[in-house]
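I opened the notebook to look up charged pairs. My notes follow the display.

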Amino acid sequence: MNAPDTPSPFRAEPDLDESQSDLPTLLEDDEVSQAQFVAWFRAVAPYVHAFKRRVFVVAFGGEAVLAGRLTRICEDLALLRALGIRVVVVHGSRPQIEEQLRLRQIESQFVKGIRITDGAALECAKEAAGEIRLDIEAAFSQGLANTPMWNADIKVLSGNFITAKPVGVVDGVDFQSTGVVRKVSSEVIQLALAARAVVLISPLGFSPTGEAFNLDMEDVAASVAAALHAEKLLFLTETPGIVDAQHELIRELSTLSASRLLDSGVLPTDTAHYLKHALRAIGAGVPRAHLVPFALDGCALLEIFTHDGVGTMIAADDLEELREATVDDVGGILKLIEPLEADGTLVKRGRGRIEREIEYFSVIEHDARLFGCAALYAFPNEKMGELACLTVSPDAQGMGDGEKLLKRIEQRARAMGLEALFVLTTRTAHWFLKRGFVVAGVDSLPKDRQRMYNWSRKSQVLLKRI
Ligand SMILES: CC(C)(COP(=O)(O)OP(=O)(O)OC[C@H]1O[C@@H](n2cnc3c(N)ncnc32)[C@H](O)[C@@H]1OP(=O)(O)O)[C@@H](O)C(=O)NCCC(=O)NCCS
């Protein structure tokens, strides 16, 4: 709740100098923004419920600090904590170490992209990490009225949570004080998180012999996420997520596709490095990892609380196969949709039409049985596509297959250059509204589709920009 003398961040305060003649417009604007605010807040609620008490590891390099993003990032992470999410922050310090070395006129030494940390470089790493740690603690300590940190009261805990071991001598090269993570003190970190602290971890670790080691931020973040059985690992990156050959952002990748992409060698070095560690965390049981560009204000909030996110999400593969349909699937599709055609949920299509239009369909298969299908009918002139026949077998409903099919159809539509997806439905409007569709009129459909609209069915038209 806002302090009595603090202007609400959500409500536009009326300007007392406005002329009376503007009053009706102001009231209408107020009503629209109130309705938008309530709709937005309610849309976020399911995520808030789902993520309560879950651990999120949020990692960013020293580049984010250099770019002046620290205050905003910490404000957003403070909000996550306020919503009951357990936040672990891992920071890097590469550019700051470079700067320290430059000031001391020491040349950096890298072999295969890994820094050789000699005595001087280790001092620089300690200094850089110490400075960033203090900056992060300061950012979490803000509490000025009129900022998102008002009343936040966040305590940041850090410590010797990472046990490290040396990289050692590889191919005759001694990496000296460059280390890798050996163990994470997960129990202590969990206690700190349960006490509502934000846990902050620097890219330094210590060996049982009392030596300090300079670590790779991505290695630390992935190891911490794995050890804490985190719900999510978020890398806030200087790159814009993962893009395809057409420079389009890939919003979602399965671990299988991500590994193939990594092996293909087409990714920029930085992106590949993030992805490698994201895959390692997922392999160790973290369900989802995200690469989100820190240049976008509110990137973490947008990625976590909006349906489509703003970066690339890498999700563990399941045993199901989501793929485009072939003629061999016609029987399986008919079996899925016939009961729904019979009860009027879907329009009757018949075997002949499905055979002709089979390439419009995507299906989900498990153990040689189809559990779901959906079709995309493109209207290229209007850059629109119709999602049709979305069906999940009754014994598999409620497990996310509907959502996966929707995402696949959205992906296919984007790849075809379409900009909006529409669906005509008589019974499932709420399912689509929850997934970013809005109610639209028949006149918003492509002309050809308007002519085919069946007025007696009274289907609702729902539209989504993709
Ligand atoms: C709509 C449908 C495809 C969803 O598939 P699914 O795999 O169950 O979907 P998901 O697992 O991704 O989502 C399940 C959620 O949707 C909700 N849901 C299912 N049917 C719904 C409906 N008709 N209206 C509103 N919400 C619905 C479930 O209650 C569940 O909610 P929860 O996550 O809060 O528990 C599936 O229910 C279905 O095949 N329905 C019959 C065919 C149909 O209506 N198709 C649409 C034609 S336009």
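Which residues are linked with Asp 297 in a network of salt bridges? I found Arg 69, Arg 72 and Glu 75 linked with Asp 297 in that network. I took a salt bridge as a side-chain nitrogen of Lys or Arg within 4 Å of a carboxyl oxygen of Asp or Glu.

Notes on the source. This is a predicted model, where local features need pLDDT of at least 70, side-chain atom pairs count only at pLDDT 80 or more, and totals for chains, interfaces and linings use all residues. Residues are numbered from 1 along each chain as its sequence is written, and side-chain values use heavy atoms, with hydrogens and water left out.

Total. I searched the whole structure and got 32 salt bridges.

Entry, Arg 115. Arg 115 forms a salt bridge with Glu 98, with the closest N and O atoms 2.9 Å apart. Arg 115 sits in strand S4 and Glu 98 in helix H4, so the pair ties together parts 17 residues apart in sequence. Helices (H or I, at least four residues) and strands (E, at least two) are DSSP runs, numbered from the N terminus. Arg 115 is buried at 7% relative accessible area; Glu 98 is partly exposed at 30%. Buried means under 20%, exposed over 50%, partly exposed in between (1.4 Å probe, protein chains only).

Entry, Glu 324. I noted a salt bridge from Glu 324 to Arg 408, closest N and O atoms 2.5 Å apart. Glu 324 lies in strand S17 and Arg 408 in helix H13, 84 residues apart. Glu 324 is partly exposed at 33% relative accessible area, and Arg 408 is buried at 18%.
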